[in-house]
Protein chains: 2
Amino acid sequence: MKVLKSACLLFSLFTCLNVISQTDEASLKKIYAQSLTNGKSYDWLNHLSNQIGSRLSGSLGAEKAVAYTKEELGKLGLDKVWLQPVMVPRWVRGAREFAFIETVPGKTNSVNICALGGSVATPALGLKAHVVEVKNFKELESLGREQIAGKIVFYNRPMQADLIETFNAYGGCVDQRYQGAVEASKYGAVGVIVRSMNLRLDDLPHTGSMTYEGVSVENRIPSAAISTNDANLLSTMLQLDNNIKFYFKQSCKQLKDVQSYNVIGEITGSEFPDEYMIVGGHLDSWDLGDGSHDDGAGVVQSMDVLRLLKESGIKPKRSIRVVLFMNKENGLRGGKKYAEEAKQKGENHVFALESDAGGFTPRGFSFDCNNASFNQVLSWQPLFKPYLIHYFEKGRSGADVGPLKTETNVLAGLRPDSQRYFDHHHASNDTFDAINKRELELGAATMTALVYLFDKYGIN
Amino acid sequence: MKVLKSACLLFSLFTCLNVISQTDEASLKKIYAQSLTNGKSYDWLNHLSNQIGSRLSGSLGAEKAVAYTKEELGKLGLDKVWLQPVMVPRWVRGAREFAFIETVPGKTNSVNICALGGSVATPALGLKAHVVEVKNFKELESLGREQIAGKIVFYNRPMQADLIETFNAYGGCVDQRYQGAVEASKYGAVGVIVRSMNLRLDDLPHTGSMTYEGVSVENRIPSAAISTNDANLLSTMLQLDNNIKFYFKQSCKQLKDVQSYNVIGEITGSEFPDEYMIVGGHLDSWDLGDGSHDDGAGVVQSMDVLRLLKESGIKPKRSIRVVLFMNKENGLRGGKKYAEEAKQKGENHVFALESDAGGFTPRGFSFDCNNASFNQVLSWQPLFKPYLIHYFEKGRSGADVGPLKTETNVLAGLRPDSQRYFDHHHASNDTFDAINKRELELGAATMTALVYLFDKYGIN
């Protein structure tokens with residue numbers, strides 16, 4: 001009898017699950033079809049990239065992007081659209097950088113560099129010095145002040161090619177860029193040149209943020225990235241003759257903070273309006289390309305999540321917000337500000353999803369959440385299978401949503417295919433032509449599907 | 001007691017499986033690391049694409065590609081390298097095609113077309129006629145001879161954007177290109193213009209094979225592909241005025257068959273030399289681009305499978321062959337020839353894997369095999385997980401290996417990400433710059449891993 005009862009229970013559970021699953025299957029199908037046949041993400045990105053262009057915090061581009069995305073969100077018939085003020089740092093590159101390797105006085109070989117974001121300028125006539133190549137901070141330490149003082153430190157540890165996820169290869173290298181000046185200046189170095197965070201061999205320097213934390217103003221040394229081809233050239237030339245000199249000139253500077261904004265739109269929830277679920281990307285970009293992959297893609301995908309929900313006839317129970325964060329690249333002021341205000345207002349953010357890993361074919365998500373929520377996600381895997389979304393792992397979510405972390409909420413990051421990402425990251429070839437429309441739209445649909453499921457079933 | 005015995009058995013089985021799995025994990029790790037840090041596929045493809053270029057059957061490019069790949073295989077220290085003679089068709093495009101839409105006499109609008117592979121030429125001064133747009137053969141039939149005779153049939157059914165796998169969208173459209181002339185000529189049409197098999201809107205016409213099967217020589221009508229942008233233009237102009245005319249001129253022709261070759265290399269098996277496992281791609285390409293994705297990628301990946309096995313210290317038990325097939329695009333003569341000779345010689349081909357879906361990030365494989373073999377593959381899924389290889393489905397293998405099909409063997413096709421494939425397929429932008437080195441290398445490693453496993457464990 002007991003067995004029979006259990007079987008019945010199992011049967012009804014199974015039937016029930018099946019019903020849910022069929023509705024969900026249909027909803028996901030609708031969402032993906034909408035995005036692939038009627039998506040707006042590609043058109044929005046076209047405007048953002050080709051009509052506005054790069055959007056470094058405090059720049060005219062960033063200002064235009066705020067106005068444009070607010071206007072576009074305004075057309076979607078959301079319940080609310082507003083700007084959240086946030087003060088942001090303003091760093092400007094100035095004139096294009098210039099650099100060469102000098103083998104003997106007067107004999108020079110030009111190389112491709114760009115100032116790292118936040119770096120100070122060189123003296124007006126540039127900086128020329130001998131070069132010490134190192135692979136890591138330990139090597140730097142072992143060389144000591146004696147061999148470093150007065151020289152340029154050249155960090156040349158390449159990204160590890162045999163790591164499958166390129167973000168792991170980035171993570172294993174980026175200390176050179178971010179912390180390189182702080183470490184080198186401890187030993188009296190006069191400048192820093194860092195190998196670009198790029199797995200390809202090419203001629204493009206890749207910028208990115210760096211810090212001077214703990215270094216007094218007068219001891220801050222100019223820092224630049226060199227292209228991977230030129231890093232190899234410099235390294236070879238140093239092996240042939242370590243007496244060569246490196247010259248570079250850059251005129252970047254840090255100006256006063258300026259007013260900027262996060263751009264926010266909301267569909268207010270029908271049943272639990274006080275439970276907030278957000279999707280977002282960052283509206284600012286570096287200044288060398290037009291920021292199509294980093295993170296124009298995440299911006300337009302996030303915008304389209306709300307539109308796709310509406311177009312698919314889904315009325316969310318919870319309040320769904322799109323948040324376009326300002327200043328992720330060199331300050332994270334927008335992300336911090338959003339979390340700070342949410343806390344002040346006691347807003348309960350149960351879910352936050354960020355797309356900030358490029359507009360490539362989505363493979364899945366990584367989740368920063370507890371086991372119950374993660375198991376809930378795993379139970380949805382079959383729903384995603386028809387869309388070739390297979391990757392569901394615990395891991396990082398996104399820098400902008402990170403400050404919203406609580407013990408019970410779910411933070412997630414869209415995980416697109418990462419193989420091409422660092423070919424473009426922070427470089428002049430992060431441009432619209434590197435975006436594939438379908439890949440971008442599949443990402444928007446995949447985000448929408450996850451939002452739909454968490455809204456429908458709540459957070460376990 | 002029985003329970004205990006079973007538990008013991010289960011335990012030893014588990015332990016045994018675990019041991020196997022650790023060795024296999026290490027082997028796969030070695031294979032992927034080799035490919036990503038020391039792969040040859042990208043260099044080979046650079047030569048094939050940039051030094052040789054397009055490789056249509058019977059062309060000088062195809063001849064050079066045979067010589068080059070044989071020479072390169074010769075350097076790998078394989079047990080045998082040889083050419084397998086095969087006669088192939090030779091079709092030449094001639095002068096660049098030219099086409100326009102004529103609204104009123106003398107008022108023309110140029111459009112981008114290319115002759116379909118195998119098409120006859122237009123008359124020397126070109127062909128001008130009214131146009132009938134149809135979406136499929138049924139519509140053609142319903143219009144009948146009365147409305148079609150003397151006109152150009154314009155097939156304009158687009159690839160379906162909401163299909164996730166783009167090959168399915170291709171499969172749903174390609175009858176227009178392949179069979180379009182046969183069907184249109186039944187009703188007295190004088191020419192065929194077909195919308196390019198391309199999911200993007202752009203200006204590039206995409207060629208591809210077509211047939212005149214069953215159509216007498218004097219009734220063969222010239223057929224060309226038009227770019228997707230121009231297909232939309234033509235369709236719109238027809239809606240505004242169905243009295244407009246279309247002009248096109250092409251001077252392609254079919255010449256006599258010529259001698260060519262499949263290129264084959266072999267590592268002879270240490271235990272079961274009479275069991276053959278092959279990996280391959282097709283050496284010929286269409287003539288508009290340089291055939292980097294279709295199928296230069298498959299060629300160099302297949303070559304690298306044998307090299308990666310050697311470099312990873314793996315000595316196969318079975319004989320592993322790389323087969324570079326000639327003439328897949330317009331005849332499949334190479335694939336047929338290889339299977340025919342294998343049958344004549346009584347060679348037991350237990351496994352065949354083709355890479356012919358582009359050099360993009362590999363997602364997995366599709367298998368044409370029985371359930372026992374397929375379950376064997378499924379048991380290996382965890383081994384592939386660290387490499388983000390998730391897709392293991394029953395389905396098509398590859399055109400060239402198809403003729404090797406038996407009831408017990410395993411045919412497989414590498415399945416790369418398909419989103420960008422038809423942007424380049426058979427068009428002038430199928431070029432080396434659209435290849436990402438890591439994606440190509442991941443494909444080669446993934447193929448090698450599958451070959452390693454089937455060689456080690458045999459075919460279930």
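Select B:Glu393 and A:Lys385: their side chains meet in a salt bridge, 2.8 Å from N to O. This pair crosses between chains. B:Glu393 sits in strand E15 (residues 391-394) of chain B, while A:Lys385 is in the loop between helix H11 (381-384) and strand E15 (391-394) of chain A. Both ends are partly exposed: B:Glu393 at 24% relative accessibility, A:Lys385 at 42%. Keep in mind that this is a predicted model.

Now show both chains whole. The predictor gives the complex an ipTM of 0.94 and a pTM of 0.95.

Stay in chain B and select B:Asp287 with B:Arg93. They form a salt bridge, with the closest N and O atoms 2.6 Å apart. The two loops that hold them are parts 194 residues apart in sequence, so the pair ties these together. B:Arg93 is buried at 9%; B:Asp287 is partly exposed at 22%.

Next, B:Arg333 in helix H9 and B:Asp257 in strand E10, 76 residues apart. Their salt bridge has its closest N and O atoms at 3.1 Å.

Switch to chain A. Select A:Lys80, A:Glu266, A:Arg321 and A:Glu347: salt bridges link them in a network.

Last, colour chain A by pLDDT. The average is 95, but residues 12-16 stay under 50. Where pLDDT is low, the predicted coordinates should not be read in detail.

Conventions. Residues numbered from 1 in each chain as written. Chains lettered and ligands numbered in written order. Predicted model: local features only at pLDDT ≥ 70, side-chain atom pairs only at ≥ 80, totals over all residues. Heavy atoms only, no water. pLDDT = per-residue confidence, 0-100. Contact = heavy atoms within 4.5 Å. Salt bridge = Lys/Arg side-chain N within 4 Å of Asp/Glu carboxyl O. Helix = DSSP H or I, 4+ residues; strand = E, 2+ residues; numbered from the N terminus. Buried < 20%, exposed > 50% of the residue type's maximum accessible area, 1.4 Å probe, protein only.
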